[in-house]
Every structure is written in C-alpha cells, then in structure tokens.
Amino acid sequence: EIAHKDALSDHVASFYWLIAGNVVLGLSTFAHYALYGAHRERSLLLAHAAGLFAAVVASAALVPSFGVPGAAAANSTALVTIALYKYLAYRRLAPS
C-alpha cells in the first residue's frame with residue numbers, strides 16, 4: 001500500500017499537467033538540436049527566457065487560486081512556451 005495514498009490522489013490532475021508539459025517539451029528536442037547545430041544558441045536562450053517569463057506570469061495568476069494544480073499548469077505553460085518558441089525559431093531556420 002502506498003503511504004499517504006489519499007494525499008497523493010488529490011494531486012492526480014497536477015501529475016497529468018506536468019506530464020503534458022514535459023511531453024510537449026520533449027517533442028521540441030528536434031528543433032533544439034537543429035538550432036544548436038546551426039549555432040543559434042541565442043534563440044535557445046530567448047526560448048528559455050520566454051519560458052521563465054511565462055512561468056512567473058502563469059504562477060502569479062494560477063497559484064493563488066488553484067494551489068498545486070495551478071503551479072503544475074503554470075509549469076506546463078512555461079514548457080509549452082519554450083517548445084513553441086524553439087519550433088518557431090526552427091521554422092525560420094529551415095528552408096520553406
């Protein structure tokens with residue numbers, strides 16, 4: 001039996017938020033390596049700076065009202081922001 005099972009079951013939605021954000025970030029790995037290989041480290045830095053900004057704004061908006069699930073959603077928002085920025089930077093890099 002899992003210790004504190006009832007306490008953990010309250011945070012299942014948070015777990016799914018975290019998984020979703022990490023899956024999206026994982027899917028952006030191809031863009032990350034393409035940008036790195038093309039010496040576009042600045043784009044990667046800006047992507048993570050945008051993610052930091054998204055994390056701060058989303059946390060300020062969601063955590064006071066929703067607590068732990070809000071923090072998980074804010075984290076996923078940041079990860080999706082990073083992935084989206086990297087994808088858009090990759091699209092500018094790749095020929096049409």
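## Basis of the model

This is a predicted model, in which local features need pLDDT of at least 70 and side-chain atom pairs count only at pLDDT 80 or more, while totals for chains, interfaces and linings use all residues. Residues are numbered from 1 along each chain as its sequence is written, and side-chain values use heavy atoms, with hydrogens and water left out.

## Overall architecture

The protein has five helices and zero strands, and its pattern, read along the sequence, is α-α-α-α-α. Its radius of gyration is 16 Å, well over the 12 Å that the globule rule gives for 96 residues, so the protein is more spread out than a compact globule. Helices and strands are here DSSP runs numbered from the N terminus (H or I with at least four residues for helices, E with at least two for strands); the radius of gyration is taken over C-alpha atoms, and the globule rule is 2.2 Å times the number of residues to the power 0.38. Along its principal axes, the C-alpha trace spans about 50 × 30 × 20 Å.

Of the 96 residues of the protein, 23% count as buried, where buried means under 20% relative accessible area, exposed over 50%, and partly exposed in between (1.4 Å probe, protein chains only). The accessible surface comes to about 6500 Å², of which 68% belongs to carbon and sulfur atoms; such areas come from the Shrake-Rupley method with a 1.4 Å probe, and for residues only the protein chains shown count as cover. Among the contacts in the protein with a separation of 6 or more, 76% are between residues 24 or more positions apart, a contact being heavy atoms within 4.5 Å.

In helix 5 (residues 68–93) lies S76, which counts as buried at 4% relative accessibility. Leaving aside neighbours within four places in sequence, S76 is in contact with W17, L18 and G21. A72 is also found in helix 5 and is buried, with a relative accessibility of 5%; beyond residues up to four places away in sequence, A72 touches S14, W17 and L18. The C-alpha atoms of A72 and S9, which are 63 residues apart along the chain, are separated by 15 Å.

S14, which lies in helix 2, counts as buried at 5% relative accessibility, and S14 touches V68, P69 and A72 when residues up to four places away in sequence are not counted. L79, again in helix 5, is buried at 13% relative accessibility. With neighbours within four places in sequence left aside, the contacts of L79 are G21, N22 and L25, and the C-alpha atoms of L79 and V24, 55 residues apart along the chain, are separated by 7.3 Å.

## Surface and loop features

V12, F15, Y16, I19, V23 and L27 form a nonpolar patch on the surface, with about 590 Å² of accessible area together. Patches are made of residues with over 30% relative accessible area and no salt bridge, like charges being joined within 9 Å and nonpolar side chains (Val, Leu, Ile, Met, Phe, Trp, Tyr) within 5 Å; a salt bridge is a side-chain nitrogen of Lys or Arg within 4 Å of a carboxyl oxygen of Asp or Glu. V12 has its place in helix 2 (residues 12–27) and is partly exposed, with a relative accessible area of 37%.

H39 lies in the loop between helix 3 and helix 4 (41–66) and counts as exposed at 64% relative accessibility. The phi angle of H39 is near 60°, a positive value in a residue other than glycine.
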